[in-house]
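I opened my notebook for a structure that is new to me. These are my entries, in the order I looked things up.

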Amino acid sequence: VEALSYCPTSRTLATCSLDASFLLWDLRQHQATAAHPGGQGPLTCVHHSPLNPHLLATAGEAGVAQVWDLRRVGAKPLREFRGHRKQVLGLEWCPREEGVLATAGGDSRVVIWSMDFDSWPARDGREPGQVFVHDAHEKQVWCVSWNPNSDAFCLASVAEEDELQIWEVADEVLDPGSESDSGEPPAK
């Protein structure tokens, strides 16, 4: 087991492992109730959505994050996010915006994603669903966390050699019509 995540609304725990699968555990029965083949190589992280108990995100060594609908056991993922050039080492759902996810990678980047591909289509080098890329770290990023007490998109990320960064995405960047993904307001 590489990582685990409690479901915030039920007695369920998800685990993922290097065999590219994730398991759902019923904590009342103390046993696995469902196994899902991940399909994108060894998995290193898993996280339940705090706003939608049916969504689970997984990611790993293939550099791809996948979102699963837990009501559809064995089905294909709802979304795949492919913006990292190396493995994904951490991920976390936004605690305020449903369908928004942050991933941290071995490519020294943190990427914010939206499941709304219609509002965030592929363009100008962005992958579908890619909202923002934070590339200020110099080493691989191990984890990312949203500030649950902030109204803004405020995150913290930790890279190799104890490099902690606390950062906020400018409101202008969060406009799907914006051409900027640098954290700075788009040029006028």
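Which residues form a nonpolar patch on the surface? I found Val1, Leu4 and Tyr6, with about 370 Å² of accessible area together. Areas here come from the Shrake-Rupley method with a 1.4 Å probe, and for residues only the protein chains shown count as cover.

I noted the ground rules next. This is a predicted model, where local features need pLDDT of at least 70, side-chain atom pairs count only at pLDDT 80 or more, and totals for chains, interfaces and linings use all residues. Residues are numbered from 1 along each chain as its sequence is written, and side-chain values use heavy atoms, with hydrogens and water left out.

I placed Tyr6 in strand 1 (residues 3-6). Strands are DSSP runs of E with at least two residues, numbered from the N terminus. Tyr6 is exposed (over 50% relative accessible area), at 55%.

I turned to strand 10 (residues 100-105). Six of its six residues are buried, so the strand is largely enclosed by the rest of the structure. Buried means under 20% relative accessible area. Val100, Ala102 and Ala104 point one way, while Leu101, Thr103 and Gly105 point the other. In a regular strand, side chains alternate between the two faces of the sheet.

I checked the neighbours by pairing (at least two DSSP bridges between two strands). Strand 9 (residues 88-93) pairs with strand 10 in the antiparallel sense over five bridges. Strand 11 (residues 110-114) also pairs with strand 10 in the antiparallel sense, over five bridges. Ala104 is the bridge partner of Gly90, and in strand 11 the partner of Ala104 is Val110.

Note on methods
Patch = residues over 30% accessible without salt bridge, like charges linked within 9 Å, V, L, I, M, F, W, Y side chains within 5 Å. Salt bridge = Lys/Arg side-chain N within 4 Å of Asp/Glu carboxyl O. Helix = DSSP H or I, 4+ residues; strand = E, 2+ residues; numbered from the N terminus. Buried < 20%, exposed > 50% of the residue type's maximum accessible area, 1.4 Å probe, protein only.
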